[in-house]
Amino acid sequence: MSEPRLIEISPVTRVEGHGKVTIHLDADGNVDEARLHIVEFRGFERFIRGRLMWEVPVIVQRLCGICPVSHHLAAAKAMDQIAGVDRPPPTAEKMRRLMHYGQVMQSHVLHFFHLAAPDLLFGFCAPAEKRNIFEVLKEHPELGRRAIMMRKFGQDIIEATAGKKIHGTAAIPGGINQNLPIEKRDAFLKDLADMEAWALDALALARNYTLEHMETVQNFAAFPSHYMSIVREGDGALDLYDGNLRAINQAGDRLFDQLPCEAYCDVITEDVRPWSYMKFPFFKSLGPDDGWYRVGPLARMNTIDFIDTPLANAARDELIAANGGVAHAILANHWARMIEVLHCVEKIRELLHDPDLQGTELRATGDRRFEGIGVIEAPRGNLIHHYEVDENDQVTYCNLIVSTTHNNEGMNRAVKDVAIKQISGQPEITEGMLNQVEVAIRSHDPCLSCATHALGQMPLKVDVIDASGSVIASRATDS
Amino acid sequence: MSGLRFEIDGVEIAARDGQTIMEAADAAGVYIPRLCDHEGLRHQGGCRVCTVKCNGRSVAACTEPAPPDAVVENETPHINKMRRDLVEMLFHEGNHLCPICEASGNCELQAMAYRLDMTDPTRFPYLEPCRPVDASHPDIALDTNRCISCGRCIRASQDIDGKGIFGYVGRGIHRHVAVNGPDLAHTDATIDDVAVSADVCPVGCIIRKRVGFSRPIGERDSDHGLIGSNAKAKADD
Ligand code: SF4
Ligand code: SF4
Ligand code: FES
């Protein structure tokens, strides 16, 4: 009988947010435990203290280079409250919404085409040389071109609304610092028909893949969980920018509904585990073992009642029907993402025709408050920004729950599920096995993926360590 | 009116008696880089960014009287390199996080760095001072992490506002700007008392509260060309 082994999968290169996977084997070579470790954002929560409240939306977006707009807007929503503004003027809200839809669109397109498409088109076990965006471009040049154009469209919307493609400054406490000039609006309107057609094609690709591989999809790291997102106030429609919290259990029954976001602390608490910097949030009412939940595009498809744009709504109905109700199959996230891209295009169209975007009332003021909680549905899922600000306008407290943190337990379970199926009892660890572990993580679209997947690959280092601590086998995939 | 003539980088400049090199250059639409000098304030000659060579000798253009018949060198590679070094050191002395600074785009230090082509700010060690923000006042905040000790606020406060709210304390490298009280709230200064100081502060140090990022990208001072590029137009006005 051999010694217990520890397999460590550690991305070697990263820009922000890095993860490593450790797979603990028992003496028989079976997976005992699998854990995903990700760096936390606590540094920001500390660093932001003492800063002035109007700087916050600009500072915190530096958490992320892929979806900074989500942080920018969540923080701005929190600062609206601190500035005593419950609802910024219509022009401000609509500019922010436009910014957000542009951002969700470009982020989902990036994820789908650059990060997921290689796996979907070539298979998880295709050689590493194959699984990257360059191969996709070579074999499917039109698809690649559209991906670039769609991403650019989303980024141009962000630039026009936020001031810059990344890390803009437009959302300010109580409003926005600019409106949308007619010339810019007209330029976007010209491209809309293409965007809608391409979004429909991309949706068909994701849908067909899911339906054709239903067995893989249903088996790959698929397990039931609770889900949470915000839904639109009143009718429970999909609303990526604003609403109230709703959570459902595995069967689709509501755990709480239309809960004002300010009350998140009443229903969610965070668990700390000694081996990870990242906290494990769970629903208080169910406790840490049963109370974990997931967020993200698929979670949203499950929680909402409907989508208020017709094409996306029809697509969502089909997704729910194909899954026979609440969809737990993690790979169906790709399908959900493309439904949301279509929704964003439909929403962008609606907004571009709204004269409020050219309005001049940009900012409201009110009576100063000392606490603000801004919640938004980021591309990766629910995002909570919570601040306290003193009478001098300085931040005294900050708590951020990012989507990756919400999904922490879910990702760990997904990794373990795949590890048990793939690695337990195997004498040798192959690249295909590692890739499946990676795919399980990547399907949750954690923030670490944006850095490590820029070229469609995640460099991994695997060490097999025996009980005495010496490395008995090592494997690295760096290409 | 008596007058004199000299040349800057080959351009003939007419000056009135008593004008500095910089004043005469400004009137002629020739830009000389500067940080501590500001129109309407008495000259200080502290930052040395305005250094020019006057008949081969280095002088501060903001304090040096216009020299009859002299040959003044301004935009030479050698002088600009020296100016860049000075600006670079200012970045290293404070904590300048331009991407999250509300002055970004409206900041003369940042603009000067662009003008002087400061692309690599890491040659000197960062001093990383630890300076808490003074946000005690209801309308003004002071983030001295970004202060470049240009003294503009001090001169404005003493000579124009007549309040003497700002002043230097400490010596040598430890010399820095302070207010005449434990913090801004205890100076009894109103926003009007410090208005000129806030207006002349070249960086994001004296801040009017709640303004923040309300001026969008694209409408900020530096969004329409390098600092000084409007010198000719200003002179023609
Ligand atoms: S004061 Fe100027 S140089 Fe300093 S951080 Fe702000 S913009 Fe940058
Ligand atoms: S506070 Fe501003 S004006 Fe005063 S010395 Fe510092 S940088 Fe200059
Ligand atoms: S501008 Fe002349 S020394 Fe500062």
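Domain bounds, as used here, come from an automatic or database domain assignment. On that basis, chain B is divided into domain 1 (4-75) and domain 2 (83-212). The structure is a predicted model, in which local features need pLDDT of at least 70 and side-chain atom pairs count only at pLDDT 80 or more, whereas totals for chains, interfaces and linings use all residues. Residues are numbered from 1 along each chain as its sequence is written, with chains lettered from A and ligands numbered from 1 in the order in which they are written.

We can start with the two domains of chain B, whose C-alpha centres lie 25 Å apart. Between them, 12 residues of domain 1 are in contact with 16 residues of domain 2, two residues being in contact if their C-beta atoms, placed from the backbone, lie within 7 Å. The domain 1 side of this contact has six nonpolar, four polar and two charged residues. In this classification Ala, Val, Leu, Ile, Met, Phe, Trp, Tyr, Cys and Pro count as nonpolar, Asp, Glu, Lys and Arg as charged, and the others, Gly among them, as polar.

Chain A holds 17 helices and 16 strands, taken as DSSP runs numbered from the N terminus (helices: H or I, at least four residues; strands: E, at least two). Of its 479 residues, 54% count as buried, that is, with 20 or more other C-beta atoms, placed from the backbone, within 10 Å of their own.

Beyond its neighbours within four places in sequence, B:Ala61 is in contact with residues including B:Ile21, B:Met22, B:Cys50 and B:Val52.

Both ligands have chain B residues around them. The shell of ligand 1 includes B:Cys98, B:Cys101, B:Cys107 and B:Arg146, each with its C-beta atom, placed from the backbone, within 6 Å of the ligand. This shell divides into seven nonpolar, four polar and one charged residue. Ligand 2 is surrounded by 13 residues, the closest being B:Cys147, B:Cys150, B:Cys153, B:Cys201 and B:Cys205. Here the division is 10 nonpolar, two polar and one charged.

Key. Buried ≥ 20, exposed ≤ 12 C-beta atoms within 10 Å, placed from the backbone.
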